[in-house]
Amino acid sequence: MSVFCCLTSWLCLAAAAALVATVLSKYKRSPEQVGNQVVCLALGLWAAVCLASLSLFWGFTLFCLSCFLMYTYLSEQVWLPVGQKAVLVTGSDCGFGHEICKHLDKMGFTVFAGVLNEQGSGAEELRRNCSSRLSVLQMDVTDPEQVKDAHSKVTEKVKDKGLWAVINNAGIIGFPADGELIPMNEYKKCMAVNFFGAVHVTKTFLPLLRKSKGRLVNISSMGAGVPMERLSCYSSAKAALTMFSSVMRQELSKWGVKVAIIQPGGFQTKIMGTSDAWEKHEKNIMEQLPGEVLEDYGEDYILTMKNFLINIQTLASPDFSPLILDVQHALCAKHPSAFYSPGKMVFLWLCVASILPTSLSDYIWKKHSGSPGHMPRALSLPNRNKAM
Ligand SMILES: NC(=O)c1ccc[n+]([C@@H]2O[C@H](COP(=O)([O-])OP(=O)(O)OC[C@H]3O[C@@H](n4cnc5c(N)ncnc54)[C@H](OP(=O)(O)O)[C@@H]3O)[C@@H](O)[C@H]2O)c1
């Protein structure tokens, strides 16, 4: 028995040494980043403590698990060279798209910056501040002619080098309001840009991506996974984009194309719009609402909708770096993740919404996001119970 135990211990020790050697060789080939060192040190210490303090079975099992986690983590940190890789980014006039283009240009990528207005100040700034590798392309993602034209220009320029990645970033939020109030044309517009636009661009450029065994990166939103009041229009378009991307991930794996979905939380960009745009939306809503619905909700209630945008604008982060780093990882890591969730607590909210019972996650979200304060006119009447 003791000979058997002794043999088992030696076998475990030999296996542990082999695992450590495998992880170390991976560590040596990974980029020298503080994050890597911290994660490996923590997991390494944890593994050593498990091996030293627990029984042979549990100590060895947890040790193996720690080594596996370290190996998986380090595999995800192996970067591919930028070389002559070319990337197309949609919606680059401002916000995320604009910053992503500048960042990728600095890294040495050949960037095709698709813009909504090639004469606009955002396009001009990209031409002025980026290298000659960057080309600005007029590309309204809802206009098939413009997408086709951009495809011809990209194909002509990349020739045999191929296109490494497409980043579907163009998006609009529309005007947040109760789903019943949002006009049908707003739903259609939101879907046209956030979903059909991205699908069309994807379909158009996929032959190039399949050739390069490249990357498809779709900028969705935390709203695609966490139901939030007043975002029915925006979030349903983003949920459609997320599911489209997930199915594409499965289908394109056989071609060697990897798909990453970015689900950012709140960042301070121009997406929230301006007070002029909000006024137009309010007018549009009031003009299109049937009299009975307008009567029930009341004009005052509709006029408070913009407070939501003002609130989220103040809570949003001005620092885009978590998003930029995630996009960089999706493009450059040998093994990119399927999902990224840049932004404060975004990952936590996505877990809450998908794991907890709906009534509980709805309750937590309501408490966290704060009560809107205003109620529709019909619900705030003193005799509402009799009236309804
Ligand atoms: N900011 C956030 O908190 C946040 C959170 C989650 C997800 N996102 C997503 O991130 C992406 C980028 O948003 P952002 O915050 O950077 O907003 P942004 O500053 O408004 O940028 C969006 C860009 O898309 C362009 N665009 C709009 N309609 C287009 C169309 N039909 N074709 C081509 N381009 C079009 C806009 O052009 P114009 O400037 O000329 O309108 C703008 O350049 C969007 O998909 C958005 O849904 C943002």
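Select helix H7 (residues 184-212) and helix H8 (residues 232-252) in this predicted model. Their axes come within 9 Å and cross at roughly 20 degrees. Angles under 35 degrees count as roughly parallel, so H7 and H8 are roughly parallel to each other. The crossing of H7 past H8 is right-handed.

Now show the side chains of this contact. On H7, pick Glu186, Tyr187, Cys190, Met191, Asn194, Phe195, Ala198 and Val199. On H8, pick Cys233, Tyr234, Ala237, Lys238, Ala240, Leu241 and Phe244. Colour the contact of H7 with H8 by class: 12 residues are nonpolar, 1 is polar and 2 are charged.

Next, go to helix H4 (residues 95-107) and helix H13 (residues 321-332). Here the packing angle is about 55 degrees, and the axes lie 10 Å apart. H4 and H13 are therefore oblique to each other. H4 passes H13 in a right-handed crossing. From H4, select Phe96, Glu99, Ile100 and His103. The contact of H4 with H13 splits into 5 nonpolar, 1 polar and 1 charged residues.

Last stop: the strands. Select E2 (residues 110-115) and E3 (residues 135-138). E2 and E3 run parallel, joined by 4 bridges. Which residue of E3 stands opposite alanine 113? Zoom in on valine 136.

Technical notes:
Residues are numbered from 1 along each chain as its sequence is written. This is a predicted model: local features need pLDDT of at least 70, side-chain atom pairs count only at pLDDT 80 or more; totals for chains, interfaces and linings use all residues. Axes are lines fitted to C-alpha atoms, for helices over the stretch in contact, and angles run from 0 to 180 degrees between N-to-C directions. Helices (H or I, at least four residues) and strands (E, at least two) are DSSP runs, numbered from the N terminus. Angles under 35 degrees count as roughly parallel, over 145 as roughly antiparallel, 65 to 115 as roughly perpendicular and the rest as oblique. A crossing is left-handed if the near helix is turned anticlockwise from the far one by less than a right angle, and right-handed if clockwise. Two residues are in contact if their C-beta atoms, placed from the backbone, lie within 7 Å. Ala, Val, Leu, Ile, Met, Phe, Trp, Tyr, Cys and Pro count as nonpolar, Asp, Glu, Lys and Arg as charged, and the others, Gly among them, as polar. Two strands pair if DSSP finds at least two bridges between them.
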